[in-house]
Amino acid sequence: MVLSKNTIYEPLQMFGIVATVFGATGFLGRYVVQQLAKMGSQVLVPFRGCEDSHRHLKLMGDLGQIVPMNYNPRDVNSIKTAVAKSNVVINLIGREYETRNYGFEEVNHQMAEQLAMISKEHGGIVRFIQVSALGASASSPSRLLRAKAAGEESVLKEFPEATIMRPATLIGTEDRILNRWAMYAKNWGFLPLFGGGSTKFQPVYVVDVAAAIVNSLKDDGTSMGKTYELGGPDIYTVHDLAEMMFETIREYPRYVNLPFPIAKAMASPREMLLNKVPFPLPTPSIFNLDQIKALTVDNLVSENALSFADLEIKPHKLKGYPTEFLVCYRKGGPSFGSTVSEKMGSADVAPRF
Ligand SMILES: NC(=O)c1ccc[n+]([C@@H]2O[C@H](COP(=O)([O-])OP(=O)(O)OC[C@H]3O[C@@H](n4cnc5c(N)ncnc54)[C@H](OP(=O)(O)O)[C@@H]3O)[C@@H](O)[C@H]2O)c1
């Protein structure tokens, strides 16, 4: 079926959005579900883990508005059931490390392709949003970003009207960068800076990315078949962002500079052992080989790319509210009274217990 402006806009206008959000149990998922629920949409949440994985999402809507559905990403029929009653599919499935069960290719490419194929066959899915990653490219040094690029290509082949979102590194309360850095710095007293921390990137507030996804559903189909690069308003080096983290948690910034070859060597054993030992290995934290490889090149929004402005969003600056969650890493716990003290000129206030 070829989707025209009317076939898209009318069902969404008349019957409202019924969205199946794959990957809703993750970090970005909770913000997407919250914003969809806030505008009155019904949200179907396929989950594969235990009941706890989606419990927080049910509170975001009225009774019956958020519908968890058990599914198996390798079972086509369970995916078909999850999308059967929807008119919108959003794919947030992704993982930045491999496990014994799932490789980058399957999670970030093949699953996306399968969802797009099933959504096309369904006939009533008018919008498909594929969340990829900034820097996705067949020539990236990162296998994850190469898999993301292949995923985008396959999705567009199966569902040419799909909208591709490429967010930069996500920042927010549950993020996997500032929380990990802060935890590492608290435990070890320093932060390793890979390649001197000079790589440039454009971290973005998670709420802005969720808003971009939801706004792309509100248009009259203009975002269909388009790719958006969603980076924050400011360009940081890794070192700049680490300085902001240290300032917020009020710790003296101490770094250990790790040249890329040494960082890669330190992160390699997990990758080498992954499929050779008969038990699961710990989840990589800061020493994630693929992420270290990705850091060897700058990752910025391209000059002529469509971005937040095209979806009528002004992304937040990271300093301030978006990174305030880091106060819980201050000595003695959070000190929310500090803002007043800082205004009075004393940043070195005693923490409140
Ligand atoms: N976080 C970032 O900084 C960042 C930056 C750029 C792009 N992205 C992309 O944005 C999307 C959402 O990111 P996120 O930070 O919200 O990721 P996340 O917190 O890791 O959540 C990922 C979601 O994907 C699901 N998933 C992972 N592996 C799966 C598998 N093998 N089978 C089925 N489901 C699986 C997870 O389900 P379970 O809960 O069952 O594990 C979870 O719901 C991903 O595609 C990610 O690659 C993220």
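Helix 2 is largely enclosed by the rest of the structure, because nine of its 12 residues are buried. Buried here means under 20% relative accessible area, with exposed over 50% and partly exposed in between, using a 1.4 Å probe and protein chains only. Keep in mind that this is a predicted model, where local features need pLDDT of at least 70, side-chain atom pairs count only at pLDDT 80 or more, and totals for chains, interfaces and linings use all residues. Numbering runs from 1 along each chain as its sequence is written, and side-chain values use heavy atoms, leaving out hydrogens and water.

So, helix 2 covers residues 27-38; helices are DSSP runs of H or I, at least four residues, numbered from the N terminus. End to end, first C-alpha to last, helix 2 reaches 18 Å, close to the expected 16 Å, which is 1.5 Å times one less than the number of residues.

Now, the rings. There are seven aromatic pairs in the structure, a pair being Phe, Tyr or Trp rings (the six-membered one for Trp) with centres within 6.5 Å; planes under 30 degrees apart are stacked, over 60 edge-to-face, the rest tilted. How are Phe27 and Tyr31 paired? Their centres are 6.1 Å apart and their planes at 85°, so they're edge-to-face. Both sit in helix 2, four residues apart, about one turn. Phe27 is buried at 8% relative accessible area, and Tyr31 is buried too, at 14%.

Elsewhere, Tyr184, Trp188 and Phe190 make up one aromatic cluster.

Note on methods. Helices (H or I, at least four residues) and strands (E, at least two) are DSSP runs, numbered from the N terminus.
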